[in-house]
Amino acid sequence: MALLKNDRFLRALLRQPVDVTPVWMMRQAGRYLPEYRQTRSAAGDFMAVCTNPELACEVTLQPLERYPLDAAILFSDILTIPDAMGLGLYFEAGEGPRFRKPVRTEADIAGLQVIDPASDLPYVLDAVSTIRRELNGRVPLIGFSGSPWTLATYMIEGGSSRDFARSKTMLYDQPQLLHQLLEKLAESVIAYLNAQIDAGAQAVQIFDTWGGALSHAAYQEFSLNYMTRIVAGLTKHSEGREVPVILFTKGGGQWLEAIADSGCHAVGLDWTTHIGHARQRIGAKVALQGNMDPATLRASPERIRQEVAGILKQFGSGEGHIFNLGHGITPDISPEKAGIFIDAVHSYSVNYHKKT
């Protein structure tokens with residue numbers, strides 16, 4: 001593998017000194033970029049890009065051609081695992097992801113097999129190795145998965161949901177049934193992320209998009225418990241380096257201490273948590289990733305710069321901050337505004353790091 005030319009993202013995850021605060025964006029390869037829309041249109045649809053390693057590589061690299069980002073993230077979807085389990089993933093225009101065979105009964109769950117990434121999701125692993133080769137050491141590559149709870153909600157509801165009625169009914173009425181599903185998903189996520197690391201991912205992120213919908217007790221039992229188990233099961237070192245793990249629970253600000261105790265290297269924050277307060281609470285234990293509201297990118301260039309400066313000031317001097325949005329960049333954002341954001345992070349953060 002090529003020598004890593006820019007490793008400040010990996011260094012920041014381990015709370016080591018960096019020259020400037022590293023920055024990447026969730027969904028940085030996506031519909032806000034005209035070149036992505038062109039590739040996707042030519043391919044036919046979203047899954048046609050995901051399942052073609054060359055196209056997945058192409059769109060992963062597109063934002064890096066535009067911006068001085070400090071990491072690439074694999075272009076894929078969190079729902080590849082349930083799809084590999086045979087639930088029939090498809091995307092409805094304007095409706096988002098759907099499953100032809102939702103999981104709602106004991107028999108449904110008993111029929112699910114823990115995935116074998118090499119045979120069930122070879123296109124993802126091929127994409128990882130292709131991206132690593134094409135990056136040629138430019139920046140690190142992030143692999144990812146959805147959390148077991150988040151994956152379970154899509155599988156039980158049959159798609160996106162506002163209230164998670166079926167999932168929460170199972171949680172409260174048939175908790176053992178939900179645990180059986182989460183066990184299989186946790187084993188699958190461990191296998192999947194380790195396969196991504198073997199293929200070349202240099203850090204991994206677990207997206208717990210819907211953990212914030214749970215009650216305090218339910219979050220610990222049905223979400224964090226399984227993510228902690230996953231962290232313990234992951235490959236710790238690859239290519240002579242530590243492989244950092246980022247946990248991101250959207251709406252998870254009240255559980256920061258518990259998340260930091262999971263064994264992860266970094267906690268992802270959404271925009272509802274003050275990053276300075278988060279640093280006081282857990283910043284001596286883990287790095288922090290975040291956390292500008294993606295909607296800020298609709299504002300004027302000056303307002304974007306003000307927000308970046310404010311978040312850097314909240315975090316303060318020293319190590320352990322990876323700048324990101326508090327959730328994914330949205331399709332309506334101008335690519336120029338994203339560039340202003342990224343440049344502001346690098347230029348304003350110099351003063352928060354010791355000259356090396």
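Colleague: Is Phe 164 buried or exposed?
Modeller: This is a predicted model, where local features need pLDDT of at least 70, side-chain atom pairs count only at pLDDT 80 or more, and totals for chains, interfaces and linings use all residues. Residues are numbered from 1 along each chain as its sequence is written, and side-chain values use heavy atoms, without hydrogens and water. Buried means under 20% relative accessible area, exposed over 50%, and partly exposed in between (1.4 Å probe, protein chains only). Phe 164 has 5% relative accessibility, so Phe 164 counts as buried.

Colleague: What is the phi of Phe 164?
Modeller: Most residues other than glycine have a negative phi. Phe 164 sits in the loop between helix H9 (148-157) and helix H10 (165-173); helices (H or I, at least four residues) and strands (E, at least two) are DSSP runs, numbered from the N terminus. Phe 164 is not a glycine, yet its phi is positive, at about 55 degrees.

Colleague: Which loop holds Glu 239?
Modeller: Glu 239 also has a positive phi, near 55 degrees, in a residue other than glycine. Its relative accessible area is 44%, so Glu 239 is partly exposed. Its place is the loop between strand S6 (237-238) and strand S7 (241-242).

Colleague: What is the omega of the peptide bond from Gly 290 to Asn 291?
Modeller: Most peptide bonds are trans. Asn 291 belongs to strand S10. The bond from Gly 290 to Asn 291 is cis, with omega near -5 degrees.

Colleague: How far is Cys 57 from the nearest cysteine sulfur?
Modeller: A disulfide is a pair of cysteine sulfur atoms within 2.5 Å. The structure holds zero disulfides. Cys 57 is in none; its nearest cysteine sulfur belongs to Cys 50, at 14 Å.

Colleague: How are the rings of Phe 144 and Phe 207 arranged?
Modeller: Rings of Phe, Tyr and Trp (its six-membered ring) pair if their centres lie within 6.5 Å; planes under 30 degrees apart count as stacked, over 60 as edge-to-face and the rest as tilted. The structure holds eight aromatic pairs. Here the centres are 5.5 Å apart and the planes lie at 80 degrees, so Phe 144 and Phe 207 are edge-to-face.

Colleague: How many residues apart are Phe 144 and Phe 207?
Modeller: Both Phe 144 and Phe 207 are buried. Phe 144 lies in strand S4 (residues 141-146) and Phe 207 in strand S5 (residues 203-208). The pair links distant parts of the chain, 63 residues apart.

Colleague: Why is the pair of Tyr 219 and Trp 255 classed as it is?
Modeller: Tyr 219 lies in helix H12 (residues 216-233) and Trp 255 in the loop between strand S8 (245-249) and helix H13 (256-260), so the pair ties together parts 36 residues apart in sequence. Tyr 219 is buried at 0% relative accessibility, and Trp 255 is buried at 1%. The ring centres are 3.9 Å apart and the planes at 10 degrees, so the pair is stacked.

Colleague: Which ring does the charged end of Arg 279 sit over?
Modeller: A charge sits over a ring if NZ of Lys or CZ of Arg is within 6 Å of the ring centre and within 35 degrees of the ring normal. The charged end of Arg 279 is 4.0 Å from the centre of its ring. That ring belongs to Phe 315.

Colleague: What is the C-alpha to C-alpha distance between Ala 295 and His 327?
Modeller: Ala 295 lies in the loop between strand S10 (287-292) and helix H15 (301-315). With a relative accessible area of 34%, Ala 295 is partly exposed. Ala 295 and His 327 are 32 residues apart in sequence, and in space 9.7 Å.
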